[in-house]
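Subject: Structure handover: salt bridges and helix packing

Hello,

Here is the structure for your files. My notes on its salt bridges and helix contacts follow below.

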Amino acid sequence: MKKEKKIEIVETIRKNLENAQAVFLVDYSGVDVKTLESVREQVKELGDSFNVIKNTLVAKATQGTKWSNILSLLEGPNAFAVSYKDPIALSKLLLKAEKNIEKLQLKSAVMYGNVFNHDQIEAISKLPSREVLLAMLLGVLNAPARGLVSALAGILRKPLYALNAIKEQKSN
């Protein structure tokens, strides 16, 4: 590969990582190209990317960036799955692919500046998706306001009940 092409690839990797939330490293040794393509298509449906890239190019692209802690993980053949939206959804998809494809192995991930091993990725994948977590957060944030509205409505109802009782007494 020519030097200009390598520089172009490094810049593309660096640009893609600027918007990334997580990077997963997958060992693809012994997996045929057709199977890798099917994984790539599934990842693409999530709006993420899955590419086989030389470790040296990834190392050059991540030096001096927030992804520099990936350098210690660059051993052996790696495919890189990059999550731009929901790392939890991508981790679920990769773990499912790992179970279905014998030789595919999810090795590690870098998310939010931290390195995660396989067991930690499994634990993260059991979390609800981002949308569900946001809905739960909104429900928790909305509860005090709902309680306040109910309390204020109760205060307004008491005099109305008293007035209705007086009205009923006078009409009888």
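Some ground rules. This is a predicted model, in which local features need pLDDT of at least 70 and side-chain atom pairs count only at pLDDT 80 or more, while totals for chains, interfaces and linings use all residues. Residues are numbered from 1 along each chain as its sequence is written, and side-chain values use heavy atoms, with hydrogens and water left out. Helices are DSSP runs (H or I, at least four residues), numbered from the N terminus.

**H2 and H4**

The axes of H2 and helix H4 (residues 87–100) come within 10 Å and cross at roughly 160°. Axes are lines fitted to C-alpha atoms over the stretch in contact, and angles run from 0 to 180 degrees between N-to-C directions. H2 and H4 are therefore roughly antiparallel (over 145 degrees). From H2, Val-39, Gln-42 and Val-43 contact Leu-90, Leu-93, Leu-94 and Ala-97 of H4 (heavy atoms within 4.5 Å).

**H1 and H3**

The axes of H1 and helix H3 (residues 55–62) come within 8 Å, crossing at roughly 60°.

**Salt bridges**

How many salt bridges are there? The count is two, the rule being a side-chain nitrogen of Lys or Arg within 4 Å of a carboxyl oxygen of Asp or Glu.

- Glu-11 pairs with Arg-14 at 3.5 Å, N to O. Both lie in H1 (residues 3–18), three residues apart, about one turn of the helix. Glu-11 is partly exposed at 42% relative accessible area, and Arg-14 is partly exposed at 26%.
- Glu-37 pairs with Arg-40, with the closest N and O atoms 2.4 Å apart. They sit three residues apart in H2 (residues 33–45), about one helical turn. Glu-37 is partly exposed at 33%, and Arg-40 is partly exposed at 23%.

Partly exposed lies between buried (under 20% relative accessible area) and exposed (over 50%), with a 1.4 Å probe and protein chains only.

Best regards

Methods. Helices (H or I, at least four residues) and strands (E, at least two) are DSSP runs, numbered from the N terminus. Angles under 35 degrees count as roughly parallel, over 145 as roughly antiparallel, 65 to 115 as roughly perpendicular and the rest as oblique.
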